[in-house]
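Subject: The model you asked about

Hi,

Here is the structure I promised to pass on.

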Amino acid sequence: MTTSTGETSLTHKEVNVAAEVLIELSQYRPRYRRQSPEEEDTDDEEDIDDEDDTDDEVASTPLLQVSQSRQKQSRKSEEKSDKNQPKRVKKQNIMKLNIDDFSEETLRLIEVWYKDELDPQDIFGDNEVTKQFSKPIKKQLMLSDVDKDQCRLMLSKEQVKEKMLPFLEESEDPVKGVDVSVYGPDGAVQEMKFKIWNGDKTPVLTSGWKQFVADYGLVMTSDFITVWMFRHIKTRNICFAIANNSFPLKKKSSR
């Protein structure tokens with residue numbers, strides 16, 4: 001509507017519509033508006049709740065203390081990761097080692113043995129038997145490994161799968177059993193059978209292991225062995241080589 005002075009005036013209806021629009025705009029809060037201090041504190045607390053306890057504790061400490069706390073947290077993370085790596089004797093669950101059986105000095109020697117990369121060729125001297133050995137499996141002999149009634153050496157399923165099964169050909173089925181030649185620490189040979197019992201759950205050396213234990217006087221707890229698999233360069237048959245290390249047990253105090 002236009003007045004006599006040339007200005008445009010609004011009708012009552014248009015005024016009412018404009019007023020409603022202004023009311024709606026005043027109620028609208030854009031998502032990118034700046035939050036009030038109270039709202040920012042609330043959001044921070046929710047974020048902290050999702051983080052670990054260490055962050056809660058260091059949130060208001062000086063920078064140096066924060067750095068120290070972060071370093072401690074990093075060390076804990078590394079230690080947790082180390083638990084999955086069979087590098088230190090005290091964490092070698094794969095060998096089921098009871099550290100109470102040995103003195104601290106002996107434990108250090110066992111640790112050196114475990115970390116040492118032995119050369120299986122030492123068993124054979126100048127006699128070349130293969131171009132390639134498997135990676136070794138190391139273990140402490142348990143009662144079941146030397147028990148005359150059980151007559152088998154049990155090996156780690158995971159390690160056998162990773163380190164030894166790739167050496168087998170399709171015709172060599174360990175579930176059915178594979179005839180193998182096992183070379184002892186002095187190079188003498190025992191004929192045995194490599195099998196995986198219980199479907200594919202329990203790899204063992206059997207049918208000759210009992211005699212091997214007797215020949216080398218192997219005993220539980222103090223004897224540790226290193227086992228390699230290889231394919232003989234001449235016969236092309238699957239073979240094993242086994243080295244043995246003995247460590248003294250801790251003397252028990254008599255009361």
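Helix α5 covers residues 104-115, 12 residues in total, and from its first C-alpha to its last it reaches 17 Å. That is close to the 16 Å expected at 1.5 Å a residue (the expected span is 1.5 Å times one less than the number of residues). Helices here are DSSP runs of H or I with at least four residues, strands are runs of E with at least two, and both are numbered from the N terminus.

Before going on, please keep in mind that this is a predicted model, where local features need a pLDDT of at least 70, side-chain atom pairs count only at pLDDT 80 or more, and totals for chains, interfaces and linings use all residues. Residues are numbered from 1 along each chain as its sequence is written, and side-chain values use heavy atoms, with hydrogens and water left out.

Back to α5. Which of its residues are buried? They are Thr106, Leu107, Ile110, Glu111, Trp113 and Tyr114, where buried means under 20% relative accessible area, exposed means over 50%, and partly exposed is in between (1.4 Å probe, protein chains only). Seen down the axis of α5, the buried residues fall within an arc of 160°, so they line one face of the helix; the arc is taken from the directions from the helix axis to the C-beta atoms. On the other side of α5, Glu104, Glu105, Val112 and Lys115 are exposed. The cover over the buried residues includes the strands β1 (137-140), β6 (223-231) and β7 (238-246), going by contacts, meaning heavy atoms within 4.5 Å.

Helix α9 can be read in a similar way. Trp209, Phe212 and Val213 are buried there, and they cover an arc of only 100° around the axis, which puts them on the same side of α9. Just after α9, Gly217 takes a positive phi of about 60°.

Two residues other than glycine also have a positive phi. Ser207, with phi near 50°, is in the loop between β5 (202-206) and α9 (209-216), and its relative accessible area of 48% makes it partly exposed. Cys151, at about 55°, belongs to the loop between α7 (143-146) and β2 (152-154). Cys151 is partly exposed, at 24% relative accessibility, whereas Cys239 is buried, at 2%. As for disulfides (a pair of cysteine sulfur atoms within 2.5 Å), the count is 0.

The loop between α6 (121-124) and β1 holds Glu128 and also Thr130. Buried or partly exposed, which is Thr130? Thr130 counts as buried, at 8% relative accessibility, while Glu128 is partly exposed, at 39%. Leaving aside neighbours within four places in sequence, Thr130 is in contact with Phe230, Arg231 and Ile233. Thr130 and Phe230 are 100 residues apart along the chain, yet their C-alpha atoms are separated by 6.8 Å. Glu128 touches Gln121 and Ile233, again not counting residues up to four places away. Between the C-alpha atoms of Glu128 and His232, 104 residues apart along the chain, the separation is 9.1 Å.

Now for the whole chain. It has 9 helices and 7 strands, and of its 255 residues, 31% count as buried. Among the contacts with a separation of 6 or more, 57% are between residues 24 or more positions apart. The accessible surface comes to about 18000 Å², with 48% of it belonging to carbon and sulfur atoms; areas come from the Shrake-Rupley method with a 1.4 Å probe, and for residues only the protein chains shown count as cover.

Last, the confidence. The average pLDDT (the predictor's confidence in each residue, from 0 to 100) is 74 for the protein chain, and 61% of the residues score at least 70. Over residues 28-71 the pLDDT is below 50, and this stretch has 12 contacts in the model beyond near neighbours in sequence. Residues 85-94 also stay under 50, with 20 contacts beyond four places in sequence. Where pLDDT is low, the predicted coordinates should not be read in detail.

Cheers
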